[in-house]
Amino acid sequence: MARPKSEDKRNAILDAATHLFAERGLTAAPTSEISKQAGVAEGTLFTYFKTRTDLINALYREIKLELADAMMSDFPGRRGWYRLRHVWDRYVNWGIANPTSARCWRN
């Protein structure tokens, strides 16, 4: 019987991938190094993400959902430039607070 998947391991893999992708770029960070930094076997990585593409897509989705949540929380009810300013400020503040995640997709 297969073990249930651990949310902690999944998060460790995504965190390690974020740091390596930000440091080396999407194509230059091997899954073996991601696994090593996450503290799991490489086979474990592929238990959580069937392919490297699945890992990249899951990470992209996690980061974009986090960014969207940061940008849209406390969205102002007033119309006009207040809304644009709110979204812009939240976007910039998120990037400052999360430089590794923000840099992850620039390489």
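**Figure 1. Three helices, H1, H4 and H6 (99-103), each supply at least two residues of the lining of the largest pocket.** The model shown here and in the following views is predicted. Sorted by class, the residues that line the largest pocket are three nonpolar, five polar and three charged.

**Figure 2. Helices H1 and H4 cross at roughly 90°.** Helix H1 spans residues 7-24 and helix H4 spans residues 52-72, and their axes come within 10 Å. The two helices are therefore roughly perpendicular to each other, a term that covers angles of 65 to 115 degrees. On the H1 side, the contact is made by Arg10, Ile13, Leu14, Ala17, Thr18 and Phe21. On the H4 side, Arg52, Leu55, Ile56, Ala58, Leu59, Glu62 and Ile63 take part. By class, the contact of H1 with H4 comprises nine nonpolar residues, one polar residue and three charged residues.

Figure 3. Ser101 has a relative accessible area of 13%. This value is under 20%, so Ser101 is classed as buried. When neighbours within four places in sequence are left aside, Ser101 is in contact with Thr18, Ile63 and Trp94.

Figure 4. The relative accessible area of His19 is 36%, and the residue is accordingly described as partly exposed. Along the chain, His19 and Gln37 are 18 residues apart, while their C-alpha atoms are separated by 9.3 Å.

**Figure 5. Leu45 is a buried residue of helix H3 (residues 42-48).** The relative accessibility of Leu45 is 0%, which lies under the 20% limit, so the residue counts as buried. Leaving aside neighbours within four places in sequence, Leu45 is in contact with Ile13, Thr31, Ile34, Ser35, Val40 and Leu55. Leu45 and Leu55 are 10 residues apart in sequence, and the distance between their C-alpha atoms is 8.7 Å.

**Figure 6. Ala68 is located in helix H4.** With a relative accessible area of 37%, Ala68 is partly exposed. The view also includes Tyr82, which is 14 residues from Ala68 in sequence and 17 Å away in space, C-alpha to C-alpha.

**Figure 7. Asp74 occupies the loop between H4 and helix H5 (81-97).** The backbone of Asp74 has a positive phi of about 60°, although the residue is not a glycine. The relative accessible area of Asp74 is 65%; because this value is over 50%, the residue is classed as exposed.

Definitions and conventions:
Residues are numbered from 1 along each chain as its sequence is written. This is a predicted model: local features need pLDDT of at least 70, side-chain atom pairs count only at pLDDT 80 or more; totals for chains, interfaces and linings use all residues. Side-chain values use heavy atoms; hydrogens and water are left out. Axes are lines fitted to C-alpha atoms, for helices over the stretch in contact, and angles run from 0 to 180 degrees between N-to-C directions. Helices (H or I, at least four residues) and strands (E, at least two) are DSSP runs, numbered from the N terminus. Angles under 35 degrees count as roughly parallel, over 145 as roughly antiparallel, 65 to 115 as roughly perpendicular and the rest as oblique. Contact means heavy atoms within 4.5 Å. Ala, Val, Leu, Ile, Met, Phe, Trp, Tyr, Cys and Pro count as nonpolar, Asp, Glu, Lys and Arg as charged, and the others, Gly among them, as polar. Buried means under 20% relative accessible area, exposed over 50%, partly exposed in between (1.4 Å probe, protein chains only).
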